[in-house]
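Me: I would like to learn how to read a protein model, one feature at a time. Could we begin with a single residue and work outwards?

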Amino acid sequence: MKVVKFGGSSLATGEQFEKVINIIKDDSERKVIVTSAPGKRYHGDTKVTDLLIEYANEVIENEDHTNIIKEIISRYHEISDYFKLDDSVIKLLKDKLVNLAKINFPDNEHLMAAFKAHGEFLNAILLNEVLNASGIKSIFVDPKKAGIIVHGQPNDADISPDTYRNLNNMHIPEDSRMVFPGFFGYSQDGSIFTFSRGGSDITGAMLSRGLHADLYENFTDVDAIYVANNHVVKHPQAIKKMSYREMRELSYAGFSVFQDEAIIPAVKGQVPVNVKNTNNPSAEGTLIVPEQFLFNPSNEITGIACSKRFSALYIHRYLLNKEVGFTLKLLELFYKYNISYEHMPSGIDDLTVIFDRTKLDKTTISNLCRDVKKVLEPDYLEWIDDYAIIMVVGESIAHNVNTIGKIIDSLTNNNIAIHMINQGASRISIMLGVQESDADEAVRQIYNKFFN
């Protein structure tokens, strides 16, 4: 049995819906379908999720929301008309959309979560209607009925262990498909909580684990996952097979196919993930598998990812390595300002702390630097915004002693300075810190070293 998730671009128009119907029809093992909200139809278009956020904000501000409801429902109406569905379908969707504004939510966070979730919720209802109208017997499954229980924050939910117990007891009919909306679940008190953005990937992975799927197919708008960003490297090679942990390492550093946490449920369930293209479903795509199934990686490295979202705090103090409690004092300052750090490479007199700067503001940075000077009395302190991290990842790295040397040579021979280098305990990834202005060229040079 396969769980199949379709992204927003795959479910944006009637024409795309038709491709999805053919993909489902083509393989009887594709039993469980997960929807996203309708995405962009063309460059400059607005995703339905963003329209729903606008709708929510208008309700919060007590503004007239007639026009935004019309705009949202028109997206579903366009698809319904393509398949000549009965008018009762759109009436059902519109009623659910209008009634959202009449619900008394505990606070604006709960309101926002419920509004956002309806992009997937309404699209799942619509896809179910289209499947049945196309002769494919199908059942719409509300996550509440399925027992998808979550906890945490309304707009950043975590999966409860109860979910897997509930899914384990779910019966999948032999003669029909099941359509689940992605992106959300229900708290213990019955409130809608959404996962982080991109949460339909989480739903797909969760259902794959909970329903014991043989394969989780994730359909998007690219033929495969590529060795490097095709906006940086021209025509990079496709990755045919990679391990879960390679995917996690690359996602963390900028691979945009998945958020780095999105496939963890599939990882824990040991379910292989196949990334495929809705617009070219015959392409093999990229298979993401448990490490024990990746017997012979085909290349010395699997992928190169880069993220420019980082900043660094550099601290220099003589005899830093001999001072007991220095790092503890620094961590206490991070706790004071509710800051998490990403990495902390160090030397005998130096320490660099790397942060995700999207989680910081200028005031927090200023206050942190002031307190570090006061509490730790460094000989030199510098906040560095011009910082990028490159991850070179591959299961083969652990078995090739020359890989790290080739990477360093590819950069130093092209006058690209390396500010930090670190190899993780798993030995499948090498992390490099470079100036943001050098990042793209560094990726190109590493790619050329191993693939050209």
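Me: Which residues does Ser 9 touch, not counting residues up to four places away in sequence?

Reply: This is a predicted model. In it, Ser 9 touches Gln 16, Gly 39 and Asp 221, with residues up to four places away in sequence left out. Ser 9 itself sits in the loop between strand S1 (2-6) and helix H1 (14-26).

Me: Is Ser 9 buried, partly exposed or exposed?

Reply: Buried means under 20% relative accessible area and exposed means over 50%, with partly exposed in between. Ser 9 has 25% relative accessibility, so it counts as partly exposed.

Me: How far apart are Ser 9 and Glu 129, in sequence and in space?

Reply: In sequence, 120 residues separate Ser 9 and Glu 129; in space, they are 19 Å apart, C-alpha to C-alpha.

Me: Now the sheets. What is the order of the eight strands in the open sheet with mixed pairing?

Reply: The general idea is that strands of a sheet pair through backbone hydrogen bonds, either parallel or antiparallel. In this case the eight strands are ordered S3-S6-S2-S1-S9-S13-S14-S12, and the pairing is mixed. Strand S3 (138-140) and strand S12 (241-243) are at the edges; each has a single partner strand, so one side of each has no neighbour in the sheet. From one strand to the next, the twist averages 20°.

Me: Which strands does H1 touch where it packs on that sheet?

Reply: Helix H1 touches S1, strand S2 (30-35), S6 and strand S9 (215-220). The direction of H1 makes about 155° with that of S2.

Me: How many bridges join S12 to strand S14, and do they run parallel or antiparallel?

Reply: Three bridges join S12 to strand S14 (residues 286-289), and the two run parallel.

Me: What is the strand order in the open sheet of five strands?

Reply: The order is S16-S15-S17-S19-S18, and the pairing is antiparallel. Its edge strands are S16 (350-356) and S18 (420-423), each pairing on one side only. Here the twist averages 30° from one strand to the next.

Me: How many bridges join strand S15 to strand S17?

Reply: Eleven bridges join S15 (residues 303-316) to S17 (residues 380-393), and these strands run antiparallel. In S17, Tyr 387 is the bridge partner of Phe 310.

Me: Which strands do helices H11 and H12 touch on this sheet?

Reply: Helix H11 (residues 326-336) packs on the sheet and touches S15 and S16, with its direction at about 20° to that of S16. Helix H12 (residues 362-376) also packs on the sheet, touching S15, S16 and S17; the direction of H12 makes about 115° with that of S17.

Me: What should I look at in aromatic rings, and how many aromatic pairs are found in the whole structure?

Reply: A pair of aromatic rings is described by the distance of the centres and the angle of the planes. A search of the whole structure finds 13 aromatic pairs.

Me: Why is the pair of Phe 334 and Phe 355 called edge-to-face?

Reply: Planes over 60 degrees apart count as edge-to-face. The ring planes of Phe 334 and Phe 355 are at 85°, so the pair is edge-to-face, with the centres 5.4 Å apart. The pair links distant parts of the chain: Phe 334 is in helix H11 and Phe 355 is in strand S16, 21 residues apart.

Me: Are Phe 334 and Phe 355 buried or exposed?

Reply: Phe 334 has 2% relative accessibility and counts as buried. Phe 355 is buried too, with a relative accessible area of 0%.

Me: Which residues form an aromatic cluster?

Reply: One aromatic cluster consists of Phe 121, Phe 140, Phe 184 and Tyr 186.

Me: What lies over the face of Tyr 164?

Reply: Arg 209 does, at 3.9 Å from the ring centre.

Me: Last, backbone angles. What is the phi of Phe 183 and of Leu 319?

Reply: Phe 183 is not a glycine, yet its phi is positive, about 90°. It lies in the loop between strand S6 (177-181) and strand S7 (184-186), and at 4% relative accessibility Phe 183 counts as buried. Leu 319, also a residue other than glycine, has a positive phi near 65°. Leu 319 is in the loop between S15 and H11, and at 54% relative accessibility it counts as exposed.

Technical notes
Residues numbered from 1 in each chain as written. Predicted model: local features only at pLDDT ≥ 70, side-chain atom pairs only at ≥ 80, totals over all residues. Heavy atoms only, no water. Pairing = 2+ DSSP bridges. Helix = DSSP H or I, 4+ residues; strand = E, 2+ residues; numbered from the N terminus. Axes fitted to C-alpha atoms, helices over the stretch in contact; angles between N-to-C directions. Contact = heavy atoms within 4.5 Å. Phe/Tyr/Trp six-rings, centres within 6.5 Å; stacked < 30°, edge-to-face > 60°. Buried < 20%, exposed > 50% of the residue type's maximum accessible area, 1.4 Å probe, protein only. Lys NZ or Arg CZ within 6 Å of the ring centre and 35° of its normal.
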